[in-house]
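Let's take a walk through this complex, one chain at a time. Have the sequence and the model open as you read.

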Amino acid sequence: MHSPMEQFEIKRLLNFHIGSLDASFTNSALWMVVAVALATVVFVFGMSRRAMVPGRLQATAELGYEFIAGMVRDNVGNAGRKYFPFIFTLFVFILFCNLLGLVPYAFTPTSHIIVTFAMALVVFLGVTVIGFVRHGAHFLSFFVPKGVPLVLLLLLVPIEVISYFVRPFSLSIRLFANMLAGHTMLKVFGGFVVMLGLYAGWAPLAFIIAFTGLELLIAFLQAYVFAILTCLYLNDAIHLSH
Amino acid sequence: MDASAAKLIGAGLATIALAGVGVGIGNIFGSFVSGALRNPEAAPRVFGNVLLGFALTEAVALFALVIAFMILFVF
């Protein structure tokens, strides 16, 4: 029987080498392209008719747009409007990668730490740059909590600094570990179905069906959490609030 | 004790984190239910925050899972 971790294996589909750099087109890259293509189809075709009374596809596109627009408005305020396209792209990309990963035999790009870490690092660096551009050196006051005695600051400032630098790690590990754990669990229970056979195999099968429903929820929830935490970090950088 | 036995024990110990996560998730939904019973009108508005709290708490369990996997497969 195959190992439950085999689904995360990266395979080269087309070999490319730039100097000593391995830039092969892998199954991970393929599914990212599929996710982007599908998202483009949904939003371009969905909005192409611009009907007054939206059809199903248009309603989906509008719902997604309004959901993220409302989230940015509530969490960052008016200053966040500029960054809406970025957050919306991030949300849609993660959502489509997560959902496509649930298709049997599909590959989930977001189950690899390097993919999620790259996204989290872009968010982290971008937010830090925005903070410094908007506030200059005053941005460093973000690490100094207000109204705290000087002695405690010696303890609190390092904690604040560390918790700031841990952000890209917690953001990326959260998404990657959720995807990894969910897909491994599905495959482990799939193995139980085969092992128990015809008479007792239906019990794990029923569990798999229920768990796939939960995985659908988690696929959406993790995209939502990634987007809303990006909003919160952005809000910290723009308004220097605690 | 040989290293492979220590690895298995370490991975098992890493799952102790689930105790805290269980308390956390129970607390989130318990508080939500008791709050929703007191003020059913406000319940839909805070449900988004409940899910956010759930996802953040669940992530702690998955950090423990990652540690367990690292102990088992990386070292």
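**Chain A, then its partner**

In chain A, 63% of the contacts with a separation of 6 or more are between residues 24 or more positions apart; two residues are in contact if their C-beta atoms, placed from the backbone, lie within 7 Å. Keep in mind that this is a predicted model, where local features need pLDDT of at least 70, side-chain atom pairs count only at pLDDT 80 or more, and totals for chains, interfaces and linings use all residues. Residues are numbered from 1 along each chain as its sequence is written, while chains are lettered from A and ligands numbered from 1 in the order in which they are written.

Chain A has six helices and four strands. Both are DSSP runs numbered from the N terminus: helices are H or I with at least four residues, strands are E with at least two. Reading from the N terminus, the order is β-β-β-β-α-α-α-α-α-α. The C-alpha atoms of chain A fill a box of roughly 70 × 50 × 45 Å along the principal axes. Of the 242 residues in chain A, 25% are buried, meaning that 20 or more other C-beta atoms (placed from the backbone) lie within 10 Å of the residue's own; 12 or fewer makes a residue exposed, and anything in between partly exposed.

Now zoom in on helix H3 of chain A, residues 84-101. Its 18 residues should span 26 Å at 1.5 Å a residue, and its end C-alpha atoms are 26 Å apart, so the two agree; the expected span is 1.5 Å times one less than the number of residues. Buried residues of H3(A) include A:Ile87, A:Phe91, A:Ile94, A:Leu95 and A:Asn98. What do the buried residues of H3(A) pack against? They meet helices H1 (27-48), H2 (56-76), H5 (150-200) and H6 (202-239) of chain A.

On to chain B, whose mean pLDDT is 89, with 100% of its residues at 70 or more; pLDDT is the predictor's confidence in each residue, from 0 to 100. UniProt, in an unreviewed entry, lists a "transmembrane region" at residues 50-74 of chain B. That span is 100% helix, with its end C-alpha atoms 35 Å apart.

Finally, the two chains meet: eight residues of chain B are in contact with nine residues of chain A. On the chain B side, the residues comprise eight nonpolar, no polar and no charged. (Nonpolar covers Ala, Val, Leu, Ile, Met, Phe, Trp, Tyr, Cys and Pro; charged covers Asp, Glu, Lys and Arg; the others, Gly among them, are polar.) For the complex, the predictor gives an ipTM of 0.74 and a pTM of 0.87.

Notes. UniProt positions renumbered as here; feature names shortened; annotations may be inferred.
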